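The sequence and the structure are shown first.

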Amino acid sequence: MKSKISTLTFLFTFLLLFNTCEKDDGNSGNGGQQDNTPDTFSEYFGPEISRDFLGNVIDQNHNPIEGVIITIGNETAMTDSDGIFIIRNANINERFGYIKAEKAGYIHGSRSVVPSNGTNKVTIMLLEATAVGSVASGSSGTVTSNDGSSVSFDGDFIKEDGSVYSGTVDVIMHYLDPADDDMETQMPGMLYAENEDGEERMLQTLGMLAVELRGSSGEDLNLAEGATSEIKIPINASLISIAPPTIPLWYFDEDRGYWKEEGQATLQGNMYVGNVSHFSFWNLDAEFPAVNLCITLVNQENNPIANQRITLTHSNPDYLFSTSTGITNDVGEVCGLVPIDESLVLNVFSNVLCNDTSIHTETVGPFAIDSSITIIVSETPNIVEETVTGNFLTCDGEPVTNGYIKLSYDNLEVINEVTDGTFEISFYRCLESSDFTITAIDYTNSQSSNDVTYNFVSPLTEVGDILSCEDYAYSYIYFQVGNNAPQTLISEPPPSLDETLFKCLIYTDNNSLTAGYVRTTFATETRFVLGFSNFNGAGTYNSEDGTGSSPSVDLTVRNILNHLDYSDNNHYTHNFVGTAEIFTLGTEEGEVVEINFSGTLDVSYTFGIFDPPQLNEENVPISGYMHLIRDN
């Protein structure tokens, strides 16, 4: 599969305990404050259900990680070259789902969610399993990281099977700072816990420390029974003033997917110091009783609003962190635990990039039991709701039933699953720019389209058919002019070469290139051609400022009816100003040429190509993508 990867991640954020989910009713009464603690903690999770998941796994540089093994219940999958995984019909619980992510070279990652009826979307950032230092079994030692965190050992270690380990122990450490924007995707599970009394709690963290121990052969190690280690976790300077003298310690149970209380740490200077008897992630947290809150965003027509950022701000100054964040899912919902009996200020943002001003604000709560609320959001003068629809097809023209669509607008990336060959993506956007890019991936067949650029036709943009294969046997061109619907020109096997001729790529000489679609029937010729002067290979060409290898890019479009008079300039589209990027350049017959282009043009009268026709309009936006099979 060809991969053009944005360094951005899905905008499906989990700060504190705010997760995409969906509730069936508003007052289930089985929330965070319980009249009776159940015999087993898992009784909080509710009955077993089946749900679908779409997620991505990234590294610390926000690049996708391929080949990560994903486990949800009894189902497994592996991430593709985009770091994406799809798992359907996974067996989880009504109020709790646990996703594991593992790959050699990284410490174990995970995410826990309150699942939705729709597709559950998650992002996991894996941390590299790079040793900070090492100690020897049988003797005490301390390993200190550059951030000041440290672990001290007494020298007793065991293997996973419980047998005694002797030799060098590599110590892998990562400090997770709650002031870091990436902490929410780096931490395991979610901030959901079982306290020492067996009660469910939400947590608010002052910091975490991940520790994994490896033997000389790469085997997982841990502390021997009865051994302890002292850990020191630094506190961000901005949080020292609110840090309590002592704070509970919690470890992440990798088998169960939630945090468990064990011991406490004491503040010494800018460090919390505590003793632990085993290693995974350790967490410094205050605990709070909580209830589950589901928020649904709708517009004034009561249609759900997806992919919007919601924040809840706690008015109580005793809370260590005042704001939790979530992103609405495909049915406009976001859910999670919130503190019981607290009034919360809710803000809605169009996305994180427009500005820092919310498009809707209101106070909600307090909530004493599990609740669901609906928030109506109106458009603002500078922000509009967009919906993009289309069809995603295989190379054979069949609907893709196990794939996904990536839509990129400015620095926002939205990923939606495709299960029946159709897709619909909705979100609010700023009016600062009007173009967006779509890439479609067939997850089952490991095939994809290329990045294709379109212009919004507000409020509904129909992009038509998108083909999933780069090795598509025929040539095709997607393009959109002005506010007209996007169109596709496809070369299919002609019934007779005497009736139809399709030319895909013609070199005129070594310094110029003509690429495009020329189709001739008995009485009609359709021409859509990009021309490059001073051409000397693949690259980006700009006709506006002369940058790149070619100072000139010309676009010719015409549809001539009932005659083949090539000299009839009244049927030309001319004066193209913009850029074109050739990112695949086959040099032999049958090889592929791929070109992405966008800009403006002055349009003279044309038949057929544009609907409705354009007549003497200047600076009309145009964008498109060519996938051409060389025929010479």
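## The second largest pocket

In this predicted model, the lining of the second largest pocket is made up of twelve nonpolar, six polar and ten charged residues. The space in this pocket amounts to about 690 Å³. The lining comprises 28 residues, and those closest to the centre of the pocket are Glu160, Asn222, Glu254, Phe279 and Ser280. Several strands give two or more residues to the lining, namely strand 6, strand 7 (109-113), strand 12 (157-159), strand 15, strand 16 (220-223) and strand 18 (246-253).

## His278 and its contacts

His278 belongs to the loop between strand 20 (271-276) and strand 21 (281-288). When neighbours within four places in sequence are set aside, the residues in contact with His278 are Asn222, Leu223, Tyr251 and Glu262. With Glu262, the side chain of His278 also makes a polar contact of 3.3 Å. Asn222, one of the residues in contact with His278, is also listed among those closest to the centre of the second largest pocket.

## Salt bridges

Nine salt bridges are present in the structure. One of them joins the side chains of Lys406 and Asp82, with an N to O distance of 3.6 Å. Lys406 is part of strand 30 (residues 403-409), while Asp82 sits in the loop between strand 4 (75-78) and strand 5 (84-93); the pair therefore ties together parts that are 324 residues apart in sequence. Lys406 and Asp82 are both buried.

A further salt bridge links the side chains of Glu200 and Arg95, at 3.6 Å from N to O. Because Glu200 lies in strand 15 (residues 200-214) and Arg95 in the loop between strand 5 and strand 6 (97-102), this pair ties together parts that are 105 residues apart in sequence. Glu200 has a relative accessibility of 0% and so counts as buried. Arg95, with a relative accessible area of 9%, is buried too.

Arg214 and Asp220 also form a salt bridge, in which the closest N and O atoms are 2.8 Å apart. Arg214 is buried, as its relative accessible area is 15%, whereas Asp220 is partly exposed at 24%.

Four cavities of 30 Å³ or more are found in the structure. The volume of the second largest cavity is about 80 Å³. Its lining consists of Phe45, Arg95, Phe96, Val114, Met190, Tyr192, Glu200, Asn292 and Leu337. By class, these lining residues are six nonpolar, one polar and two charged. Arg95 and Glu200, which belong to this lining, are the two residues whose side chains meet in a salt bridge of 3.6 Å.

## The surroundings of Met125

Met125 is located in strand 8 (residues 119-125). Its relative accessible area is 1%, so Met125 is buried. Leaving out residues up to four places away in sequence, Met125 touches Ile58, Asp59, Gln60, His62, Asp182, Thr185 and Gln186. The C-alpha atoms of Met125 and Asn63 are 9.3 Å apart in space, and the two residues are separated by 62 residues in sequence.

Note on methods. Residues are numbered from 1 along each chain as its sequence is written. This is a predicted model: local features need pLDDT of at least 70, side-chain atom pairs count only at pLDDT 80 or more; totals for chains, interfaces and linings use all residues. Side-chain values use heavy atoms; hydrogens and water are left out. A salt bridge is a side-chain nitrogen of Lys or Arg within 4 Å of a carboxyl oxygen of Asp or Glu. Helices (H or I, at least four residues) and strands (E, at least two) are DSSP runs, numbered from the N terminus. Buried means under 20% relative accessible area, exposed over 50%, partly exposed in between (1.4 Å probe, protein chains only). On a 1 Å grid over the protein atoms alone, a cavity is a set of points where a 1.4 Å probe fits but cannot get out, and a pocket is an open set with protein on both sides within 12 Å along at least five of seven lines; lining residues have an atom within 4 Å of a point. Grid points are joined across faces, edges and corners, and a volume is the space filled by probe spheres set on the points. Ala, Val, Leu, Ile, Met, Phe, Trp, Tyr, Cys and Pro count as nonpolar, Asp, Glu, Lys and Arg as charged, and the others, Gly among them, as polar. A polar contact is a pair of N or O atoms within 3.5 Å; within protein, one must be able to donate a hydrogen and the other to accept it, and residues adjacent in sequence count only if both atoms are side-chain atoms. Contact means heavy atoms within 4.5 Å.
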